[in-house]
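This report looks at how two chains meet. Please view the model below first.

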Amino acid sequence: MPVNSAGLVAKTIAVYAKDVRLEFRNRYATSVVLMFAITTLAMISFSIGQGSLAPRLLAALFWIALFFSAMAGLSAAFVREEESGTALALRLKADPTAVYLGKLLFNLTLLSLVTVVVTPLFFVMTDAATDQIGAFVVVLLLGVIGLCAATTLVGAIISKAAVKGALFSVLSFPILITLLLMLVAATARVLDGQSFGGILMELQGLFAYSVVMITASLMLFRFVWRE
Amino acid sequence: MIWQWVLFVAMGVLIVMSFITPAPQQQIGESSRIFYYHIPQAWLAVVAFATSMIYSIRYLKRREASLDDRAAIANALGLVFAILATVTGAMFAKVTWGTYWNWDPRQTSIFVLLLIYGAYFSLRGAVTGDERRAAMSAVYSIFAFPPAVFLMFVFPRLTPSLHPSDTIVDKNMKFAMTTDVASILFGSLVLFTVLYIWMFNLAARVYKMERARREDD
């Protein structure tokens, strides 16, 4: 159905603002994701002990921590709607594209917040270091966008299923492997001291991944939402 | 009926030919014969994956239960062929590279394909209601396609791999395919594909009958 774009933006923002306000009231997703991230980081730091690790291992551990945090909380946006029975009302009020974009923005906000907390902690706890702050931040940003691009639709799918929590990671992982491989490769190079020139191919891949996954989600979301 | 007998005889001839002709890869020797079976299996795992995606798209457009059946059947057959390709690949890897598993890009991509097939059936098991299950699994099947295709066709070419990336024109391995080798491999691909189509249609008929019986009850 044709949607006028000003209406779409307004509705997207309305959905987003609703979710942020809800989250602000009980802080359910934020606290779960943050605690999960800190637990994973502590595990990593404990098991490394005093030794320092190669950049590639550090990069892998970093993205494993963020992957599990994302798995812990990114499905909340849709599961909450189904569990509180508000999905039907939202379906009547807003068109699917606005709902998807609003939820995507919400997940982006949530995961960015986690990343902002986790990244400094990671550097402190594992003794990792890089002087390529700019390249690191760009990889981080593309990683957060990619994770949300792929998992928002999966969150919508599992909100209709019986066993939600476990299914979310089972369905997300095969889709995310492509992204995680590129992220680990890029992060390892950055931790090794390379700048933008050294990770150009990975950056292109990461960018393409997010574009493709968001486009596919926009096309497919209405089939999930209307069930 | 006649073409099933033709397939039966042709398969028999193919199996015999694959063992009595000279080994396809002289440096590797006898064990390289596995590639007459490994390549068709990997090919069918990918074909099944694409078949499932196409039927999923058609299901979302037309909402016919039989299209959902076919998407599920393609995934089930894909799972079988992906397991076969993984096992034969691992055996060949043990002989030529010394280890069963070393996360070669090709092994990574077939592993991801296995995970997607597994996830697809976990999803089917977890969603109740025929139409909702069909729609959810169709969406997942389509959504998992682009990243998997990237992993299967782009990633192995970006990363150094021990796997012969293109067996037919690989210059480093000096793999000059003789006409014998090429015709057996081509025959194997064609016959396995026909076998796949046959299995696919049989399963589709079984599903259709089961559905009819359920609706009678």
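Chain A and chain B bury about 2400 Å² between them. Buried area is the accessible area (1.4 Å probe) that two parts lose on being put together, summed over both. Carbon and sulfur atoms give 83% of that area. A:Pro174, A:Phe223 and A:Glu227 supply 23% of what chain A buries against chain B, more than any other three residues.

This is a predicted model: local features need pLDDT of at least 70, side-chain atom pairs count only at pLDDT 80 or more, and totals for chains, interfaces and linings use all residues. Residues are numbered from 1 along each chain as its sequence is written, chains are lettered from A in the order in which they are written, and side-chain values use heavy atoms, without hydrogens and water.

The counts across the interface are as follows.

| Item | Value |
|---|---|
| Chain A in the contact (heavy atoms within 4.5 Å) | 29 residues |
| Chain B in the contact | 26 residues |
| Salt bridges (Lys or Arg side-chain nitrogen within 4 Å of an Asp or Glu carboxyl oxygen) | zero |

Which helices of chain A each supply at least two residues of the side that touches chain B? They are H7 (133–158), H8 (164–191) and H9 (200–225); helices are DSSP runs (H or I, at least four residues). H8(A) gives the largest share, 10 residues.

A:Leu171 ties into both chains. Leaving aside neighbours within four places in sequence, A:Leu171 is in contact with A:Val154, A:Ile157, A:Ile158, B:Ala119, B:Leu123 and B:Tyr140.
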